[in-house]
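We will begin with one residue, then step back to see what surrounds it.

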Amino acid sequence: SGLSQEAGSVEQLSLHCAEGSLEWLYPTGALRLRLAPRLPPTSAAVKGGSPPHVTACIKPTGTFRGAQLYLEREGGLELLLPEAPRPRARCFSWLPQEKVALFLQATPHPDISRRIAAFRYELRGDWLVRPALPAASLSAEGACRPCNDTEILMAICTSDFVIRGSIRSVSNDAELQESIIGVSASRIHRQKFPLFQAGGRPGRPVGSIRTPLRCGVKPGPGTFLFTGWLHFGEAWLSCAPRYRDFQRIYEGARRARQNPCEFPVD
């Protein structure tokens, strides 16, 4: 609460958890939030490969008021969230040796009692080169280009969900710049949370997967293997090869003993 802060003071906090939320009641002065997640080793840190990046995403509540949020990096400040932002996630990445922080600065108002600056955050080290994120600050090319064979094989081993199924519908949200893919699942290979539940044809769980609008996803026939990540409780697409293409890729890797994990193929 800002009521416990002195005017003009800067409170220092560290965010160690991989995800969480912050609620600042009656903002006054500023908060400096050091980003220091305790992250396990990632598959991106392979020998001879590029150093793994850490990715943070911030999503304000719909009632975010009374402050502005900045990214502090190398002595400079970049505005992430203005006062009263749209409830969209903002994401950014950095190398582990870089020092980054969030600077939450109160904006002057005669009546601070009506204002609460609150947001959710995620700190991840396992989004690889092609993050499944709706962030303009991350590579558009990386989010939209088709996965190569290596990325597909890694996706089935490391993703939050792996779903075999077909596309039921595609709807677009111009305000959030997101496409929502309605999926009917024929087999759920893995899901960390119950994203896909019964509701379609008998024995066919249904759910939705999001992807950036700029990727131009269109509905089409056939069976796909959908993989991706959970992002603020929603499923975001990473790789989605046609299932017959995945079978070919996996069998080739298995014969060459280059498959990174075992996966049931029929």
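Start by selecting Thr-211 and showing its surroundings: leaving aside residues up to four places away in sequence, Thr-211 touches Glu-178, Ser-179, Ile-181, Val-217, Trp-236 and Leu-237. Keep in mind as you look that this is a predicted model.

Now colour strand S13, residues 205-212, and you will find Thr-211 within that strand. Is Thr-211 buried or exposed? Its relative accessibility is 4%, and because the cut-off for buried is under 20%, Thr-211 counts as buried.

Next, zoom out to the whole protein, where you can pick out 3 helices and 15 strands. Of its 266 residues, 43% count as buried. Among contacts between residues at least 6 apart in sequence, 66% join residues at least 24 apart.

Our next stop is a sheet. Select S2, S9, S4 and S7: in that order they form an open sheet of 4 strands with antiparallel pairing. Strand S2 (19-25) and strand S7 (90-94) are at the edges, and each has a single partner strand, so one side of each has no neighbour in the sheet. Turn the view to follow the twist, which averages 20° from one strand to the next.

Finally, look at strand S4 (residues 54-60) beside strand S9 (residues 116-124): they run antiparallel and are joined by 6 bridges. Which residue in S9 is the bridge partner of Ala-56? Select Leu-123 to see that partner.

Definitions and conventions. Residues are numbered from 1 along each chain as its sequence is written. This is a predicted model: local features need pLDDT of at least 70, side-chain atom pairs count only at pLDDT 80 or more; totals for chains, interfaces and linings use all residues. Side-chain values use heavy atoms; hydrogens and water are left out. Helices (H or I, at least four residues) and strands (E, at least two) are DSSP runs, numbered from the N terminus. Buried means under 20% relative accessible area, exposed over 50%, partly exposed in between (1.4 Å probe, protein chains only). Contact means heavy atoms within 4.5 Å. Two strands pair if DSSP finds at least two bridges between them. Axes are lines fitted to C-alpha atoms, for helices over the stretch in contact, and angles run from 0 to 180 degrees between N-to-C directions.
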